[in-house]
Amino acid sequence: MKRTLVSGIKPSGRLHIGNYFGAVKSWLELQDSYNCIFGIYDLHALTQGPKPADLKKAVFEAALDYLAAGIDMDKSILMLQSLVPEHAELAWILDTITPISWLERVPTFKDKSKQFADNLNMGLLNYPALMAADILLYKAVIVPVGEDQLPHIELAREIARAFNNKYGETFPEPMHKVNHAGARIMSLTYPERKMEKSLGEKNYIALSDSPEIIAKKLASAPTDSGKNASASKSPGVANLFELLDIFSKDAVIGGFEKAYRDKVISYADLKQQLATDIAAYFESFRAKRIQLAKKPDAVWKILREGSARAKKIAEKNLREVKEKVGLL
Ligand code: TYM
């Protein structure tokens with residue numbers, strides 16, 4: 001029997017290449033080996049206080065991205081968190097066995113405390129407990145994510161252990177899976193930070209960006225003079241070479257490495273080549289997404305049907321949990 005894999009995203013706009021190489025690519029590779037449940041975690045997105053219309057749009061964009069990337073409904077379940085209220089219910093039960101100190105020490109909470117200082121809501125503190133519920137509700141054994149999510153998965157393991165110790169063996173302890181090639185894709189504009197939407201449009205390349213937009217975004221990425229080539233590249237240049245490693249052919253990478261060492265590199269040429277290679281990589285994705293976007297009703301239907309399938313599993317597992325803790 002296949003074991004269960006859970007992963008997903010917090011909808012806040014279109015998927016970017018960090019999401020793709022950090023997570024989505026390995027989901028596609030694992031669809032045949034696991035029972036996969038991929039979530040659009042809109043309850044998590046609420047912690048950032050989005051406008052209602054923006055949240056709805058972001059959910060739709062996420063569904064389009066998932067489907068265009070190749071999430072296959074015959075193999076996997078695609079679900080919307082808020083359509084399966086069992087997530088929030090299990091999160092509450094898990095809250096009651098999770099010490100506040102575990103949540104306070106999560107690095108992402110410390111970052112968010114600064115980023116959302118004017119809206120430091122309970123949801124931000126509680127975020128990893130809800131994420132643990134997303135995973136444990138389906139008794140998942142594996143969670144493929146980018147590096148930034150590792151503290152959350154570690155906490156999910158601790159919460160599973162705490163529950164099992166108190167109420168008897170119920171949840172497997174989920175293992176993370178990190179894709180080494182894309183574990184942490186860096187921002188274009190702030191190459192010492194990870195690529196993320198909240199840093200602004202120019203810092204990320206969305207899978208659905210047109211070739212022109214990709215070229216424009218790359219053009220404004222920081223470099224250096226190219227004349228004082230040293231073994232350790234400046235962060236901006238190192239980032240461009242990392243992207244070349246992912247998207248370009250070996251001969252192309254070798255050519256630019258040599259030009260860098262010889263101090264004759266043209267970063268304009270490098271960026272042009274990279275833009276062409278990234279655009280080509282996602283060409284069929286873009287075409288598929290444009291077609292899907294023409295059929296919004298069909299996309300919402302897929303999401304509703306996937307959520308109904310997820311709900312069946314969630315109901316069964318939550319019933320077991322409730323019995324164990326003395327509810328019902
Ligand atoms: P989110 O929406 O921020 O990101 C979705 C996935 O993309 C990965 N990722 C990256 N990987 C490499 N480089 C980057 N620059 C980069 N940016 C993002 C993330 O690591 C993630 O795997 N908390 C989660 C959503 C969530 C979830 C879950 C995930 C809620 N419940 C249950 C797995 C299981 C989040 O905000 O991901």
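Which backbone atom lies 3.0 Å from a nitrogen atom of the ligand? A backbone N or O atom of M195 does.

## Basis of the model

This is a predicted model, in which local features need pLDDT of at least 70, side-chain atom pairs count only at pLDDT 80 or more, and totals for chains, interfaces and linings use all residues. Residues are numbered from 1 along each chain as its sequence is written, and side-chain values use heavy atoms, with hydrogens and water left out.

## Ligand contacts

A polar side-chain atom of Q149 lies 3.0 Å from a nitrogen atom of the ligand. For G18, a backbone N or O atom lies 3.1 Å from a ligand nitrogen atom. A polar contact here is a pair of N or O atoms within 3.5 Å.

The protein covers 97% of the 720 Å² of accessible area that the ligand has on its own. Accessible areas come from the Shrake-Rupley method with a 1.4 Å probe.

## The ligand shell

Helices (H or I, at least four residues) and strands (E, at least two) are DSSP runs, numbered from the N terminus.

## Salt bridges

Side chains of opposite charge can pair when their charged atoms come close. The count is 22 salt bridges, each a side-chain nitrogen of Lys or Arg within 4 Å of a carboxyl oxygen of Asp or Glu. R14, E201, D209 and K217 are linked in a network of salt bridges.

Helix α1 also holds a pair. E29 and K25 meet at 3.3 Å, N to O. The two are 4 residues apart in α1, so about one helical turn separates them. E29 is partly exposed at 48% relative accessible area, and K25 is partly exposed at 25%. Partly exposed lies between buried (under 20%) and exposed (over 50%), using a 1.4 Å probe and protein chains only.

E173 and R161 form a salt bridge at 3.1 Å, N to O. This pair links distant parts of the chain, 12 residues apart: E173 sits in the loop between α8 (150-167) and β5 (175-177), R161 in helix α8. E173 is partly exposed at 30%, R161 at 33%.

K258 and D262 also form a salt bridge, with their closest N and O atoms 2.7 Å apart. K258 is partly exposed at 47%, and D262 at 42%.

Note on methods
Polar contact = N/O pair within 3.5 Å; in protein donor to acceptor, adjacent residues only side chain to side chain.
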